[in-house]
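Me: I would like to go through the terms used for this model and ask what each one rests on. Please set the value against the cut-off wherever there is one.

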Amino acid sequence: MPGRLMRRLWQRWRRYRYRFVPWIALNLSHNPRTLRYVPEESKDKVISDEDVLGTLLKVFQALFVNDFSKQSDILTVLPEPVKSKYQDLLSVQHPRVKQLEYRHQQQNTFTPEEILYKTLGFSVARAPSSLISAGKGVFVTKGLVRKGAVVSMYPGTVYQKYEPIFFQSIGNPFIFRCLDGVLIDGNDKGISKVVYRSCNGRDRLGPLKMSDSTWLTSEIHNPLAIGQYVNNCSNDRAANVCYQEFDVPAVFPIELKQYLPNIAYSYDKQSPLRCVILVALRDIEQGEELFSNYYTIVS
């Protein structure tokens, strides 16, 4: 019995360690490829914030138009020019949608993964990792990811340095620490799931959702929101993506916030919402698994 228990604990640890920040930090010196040196916090940018924003808007707008028939409640509270913009986008995309209509039981809709492929030229999905005992990983399932492309987002509740996260952190391998100490809890189970759902309901304004909670389920509306399952690189597997922080600007369209997979733990109108995206460090081909590296500040 003790031997069986120890084996189960060892197997759990072997999966857990690839996302356990202290273990990663202790092993960084053994593999310099796991590090990306950042001279200052403000210079942690592989691509510009404008490029990140442009990519997110492009994908989210495509998802919105694809789901247009379900957006009637939201459209009623949007200004007329905004509604007209989406009507124009729908009329442009409608002929292409009709060509594949036979593939879907629902009229004129694609899956989120198909929308991602049509918009950015690739799709990603979770699957068993190629690393032994590492659990799930994220793979490019279709197309080609170009160097500098936004390949996924790290979903979860955003905690400031002074906010309580002790109970959520117990046995939780999905807590990401930003350069400034802000934490993102990307766990889709247990207390973390309950906290996120609670904050999501708190911030909703009538039909307008301020964040996406579908990443907690098997029916994900934002196909990029699987970044918490990207494993850390190893001696044998060099990093092909890296983390980059992005603060959502105040001008972000309110109707597209329903696709943002992050929400603040405390309601704060003044501070921008922190998101973390993963950016491709090189071209990544279909079938490849994504592996991240961890940055460190050099004074």
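**Terms and what they rest on**

Reply: Among contacts in the protein chain between residues at least 6 apart in sequence, 75% join residues at least 24 apart. The model is predicted. The chain has eight helices and twelve strands, and 48% of its 299 residues count as buried.

Me: Why is V248 called buried?

Reply: The relative accessibility of V248 is 7%. Buried means under 20%, so V248 counts as buried. V248 sits in the loop between β9 and β10.

Me: With what is V248 in contact, leaving aside its neighbours within four places in sequence?

Reply: V248 is in contact with L260, P272, L273 and C275, where contact means heavy atoms within 4.5 Å. C275 is 27 residues from V248 along the chain, and their C-alpha atoms are separated by 7.1 Å.

Me: What makes E113 partly exposed?

Reply: E113 has a relative accessible area of 34%. The class runs between the 20% limit for buried and the 50% limit for exposed, and E113 therefore counts as partly exposed. E113 belongs to helix α6, residues 112-120. Leaving aside neighbours within four places in sequence, S123 and P223 are in contact with E113. P223 is 110 residues away in sequence, yet the C-alpha atoms of E113 and P223 are 5.8 Å apart.

Me: Which residues of α6 are buried, and what covers them?

Reply: The buried residues of α6 are P112, E114, I115, L116 and T119. Their cover includes α3 (49-66) and β2. Just after α6, G121 takes a positive phi of about 90°.

Me: What is there to say about the phi of S133?

Reply: Phi of S133 is near 60°, a positive value in a residue other than glycine. Most residues other than glycine have a negative phi. S133 lies in the loop between β2 (122-128) and β3 (136-143). At 29% relative accessibility, S133 falls between the two limits and so counts as partly exposed.

Me: Why do β5 and β10 count as paired?

Reply: Two strands pair if there are at least two bridges between them. Three bridges join β5 (residues 156-159) to β10, so the two strands pair. They run parallel. G156 stands opposite N262 in β10, and the bridge partner of T157 in β10 is I263.

Me: What is the order of the strands in the open sheet, and which are the edge strands?

Reply: The order of the four strands is β6-β7-β5-β10, with mixed pairing. The edge strands are β6 (175-177) and β10 (262-264), each pairing on one side only. From one strand to the next, the twist averages 25°. Helix α8 (residues 190-203) lies across β5, β7 (183-185) and β10, at about 75° to β10.

Me: What makes β9 and β11 a pair?

Reply: Seven bridges join β9 to β11 (residues 274-280). At least two are needed, and the strands therefore pair. They run antiparallel, with C242 opposite V279 in β11.

Me: Why is β9 called mostly covered?

Reply: Six of the seven residues of β9 (241-247) are buried. Each of those six is under 20% relative accessible area, and the strand is therefore described as mostly covered.

Me: What lines the largest pocket?

Reply: The largest pocket is lined by 27 residues; K257, D268, K269, S271 and L273 lie nearest its centre. A lining residue has an atom within 4 Å of a pocket point. The volume of this pocket is about 680 Å³. The lining divides into 15 nonpolar, five polar and seven charged residues.

Me: Which element gives the most to the lining of the largest pocket?

Reply: β10 gives the most, with three residues. Both α8 and β10 supply at least two residues each.

Notes: Residues numbered from 1 in each chain as written. Predicted model: local features only at pLDDT ≥ 70, side-chain atom pairs only at ≥ 80, totals over all residues. Heavy atoms only, no water. Buried < 20%, exposed > 50% of the residue type's maximum accessible area, 1.4 Å probe, protein only. Axes fitted to C-alpha atoms, helices over the stretch in contact; angles between N-to-C directions. 1 Å grid on protein atoms, 1.4 Å probe; cavity = no way out; pocket = protein on both sides within 12 Å on 5 of 7 lines; lining within 4 Å. Points joined across faces, edges and corners; volume = space filled by probe spheres on them. Nonpolar A, V, L, I, M, F, W, Y, C, P; charged D, E, K, R; others polar.
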